[in-house]
Amino acid sequence: MIHSGAVQGVDGLSVMVEVDLARGLPMFTTVGLPDGSVRESKERVKAAIKNCGYDFPAKRITVNLAPADIKKGGAGFDLPIALGILTASGLFAADKLEHYCVLGELSLDGAVRPVPGVLPVALNARERGLKGILVPTANRLEAAVVGGIEVIAIDSLHQAVEFLAGKIECIPIVLEQSDLLVSNAFYDVDFQEVKGQEHVKRALEIAASGGHNVLLKGPPGAGKTMLARRLATILPDMSFEEALETTKIYSIVGKINADTPLIARRPFRAPHHTISDAGLIGGGQNPRPGEVSLAHNGVLFLDELPEFKKHVLEVLRQPLEAGDVSIARANQTLQFPARFVLVVASNPCPCGYYGDDKKECNCSPQQIQRYTGKVSGPLLDRIDLHLEVGAVPFKEINDERQGESSARIKERVDATRKVQEGRYRENKKIYCNAQMGPGEIAHYCKLDDPCIRLLERSVERLGLSARGYHRILKIARTIADMDGKQELELSHVAEAVQYRRNG
């Protein structure tokens, strides 16, 4: 019996590989709800064993993957199945094998290839109290991120057999977690490259300080994408727990770089508008994380928002409210984390120049209405900051002076987030102002009479919903935190209201 593992949702699943050799006609059977890739492993395993110089037993071979009621997929069971067959045939004792989890795909010549999902499996192996884990060499750093468990890098089936038989020693891979966070937390873009757009930069600083969602509306070439790409650079540094959460998701979909085993910078995901709902939210026959989960702890950017299919956009409602995604199937329900800052960009009309004072718009009122109507009101209502991004004047474009750097802006964002950390210390579900519920809003967003009168007029004139009203209060709370104020003042509420005027 060999310890192995699989992935269920974003967590590791303990799988025991049992091998039985019996007399009878030579046959190789795999049971335990294996998918096609697991059933095909018998051909890879057989060729790998023979090409490594071992005798493949001419017996009735039965491989069971327990627990038998959960479907299992992937080629990561090749190596444990091969080791199980060689152990059952008496090639080496299984004493050492009992203390290790084994994972890896075999090539026909016996080489061990990398597999996705190593990080959650390694975490699961540590939780099970195993001594170590055998992984493909290409996955060694990814598994070593976990810490507290021996990580043995394996190049070939022959090396695995020699190590488990006690004929060779393999030095465990060790990584310093704090060094990984520092060395991998870099960005190749900076806010100082953005010319002009000071009011938008101010709004994006508010968004980063409070975790608020943003809508950027303006003509082509105004810098919407450029601004959105730099939002992640001013978000607070990721903690090790956040980095581990995000890296687990990327590990499952096989997007971990062998040289960068820990994702220590905030993700920025910008899917194309042709994406399907399963691609955005996650799913499929064997459910996998979608773009909203790949943006977990980072930024999800949807450019040309009205070009996305309407039913695709509507699936965003759950993650925006709950911070996760539930994928239901007949035999299981999986949850994928999806806590992100949403930034969406849109032109004001199909040609992009409606309301522009330099270029004439050629769109009819019907075309403009049809274009803007592609995005539903309930979705727009869930976006906190609605910003007009105008074209940058030539004088500002040609200005040689650089804008304020991301590092300077981030210092202020970090200070504001520390205020919120202290405020919500007792509530483990809230990390920033954008996540406040009605109870927290009532407690932390108390208003004096001038603020109440201003909000009353704003709600009536702008036709805001209750959700819109609460989002104004959340933005005002963030602005007050940036200003170092305990109580909301009229200036904070007035600035918050202007960010909803275009909504």
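## Exercises on a predicted model

Helix 4 (residues 118-127) and helix 10 pack with their axes 7 Å apart and at an angle of about 120°, where axes are lines fitted to C-alpha atoms, for helices over the stretch in contact, and angles run from 0 to 180 degrees between N-to-C directions. The model is predicted, so local features need pLDDT of at least 70 and side-chain atom pairs count only at pLDDT 80 or more, while totals for chains, interfaces and linings use all residues. Residues are numbered from 1 along each chain as its sequence is written, and side-chain values use heavy atoms, with hydrogens and water left out.

**Exercise 1.** Classify the packing of helix 4 against helix 10, and list the residues that meet.

*Solution.* Angles under 35 degrees count as roughly parallel, over 145 as roughly antiparallel, 65 to 115 as roughly perpendicular and the rest as oblique. With an angle of about 120°, helix 4 is therefore oblique to helix 10. On the helix 4 side, Val118, Leu119, Pro120 and Leu123 meet Leu244, Thr247, Lys248, Ser251 and Ile252 of helix 10, contact meaning heavy atoms within 4.5 Å.

**Exercise 2.** Describe the surroundings of Thr246.

*Solution.* Start with its place: Thr246 belongs to helix 10 (residues 240-252), helices (H or I, at least four residues) and strands (E, at least two) being DSSP runs numbered from the N terminus. Next, Thr246 has a relative accessible area of 0% and is therefore buried, a term that means under 20%, against over 50% for exposed and in between for partly exposed (1.4 Å probe, protein chains only). Leaving aside neighbours within four places in sequence, Thr246 is in contact with Met238, Ile263, Pro267, His296 and Asn297. Finally, the side chains of Thr246 and Asn297 are joined by a polar contact of 3.2 Å; such a contact is a pair of N or O atoms within 3.5 Å, and within protein one must be able to donate a hydrogen and the other to accept it, while residues adjacent in sequence count only if both atoms are side-chain atoms.

**Exercise 3.** Work out how strand 16 is paired and which way its side chains point.

*Solution.* Strand 15 (residues 324-328) and strand 16 run antiparallel and are joined by five bridges, where pairing requires that DSSP finds at least two. The two strands form a hairpin with four residues between them, and Ser326 stands opposite Gln335 in strand 16.
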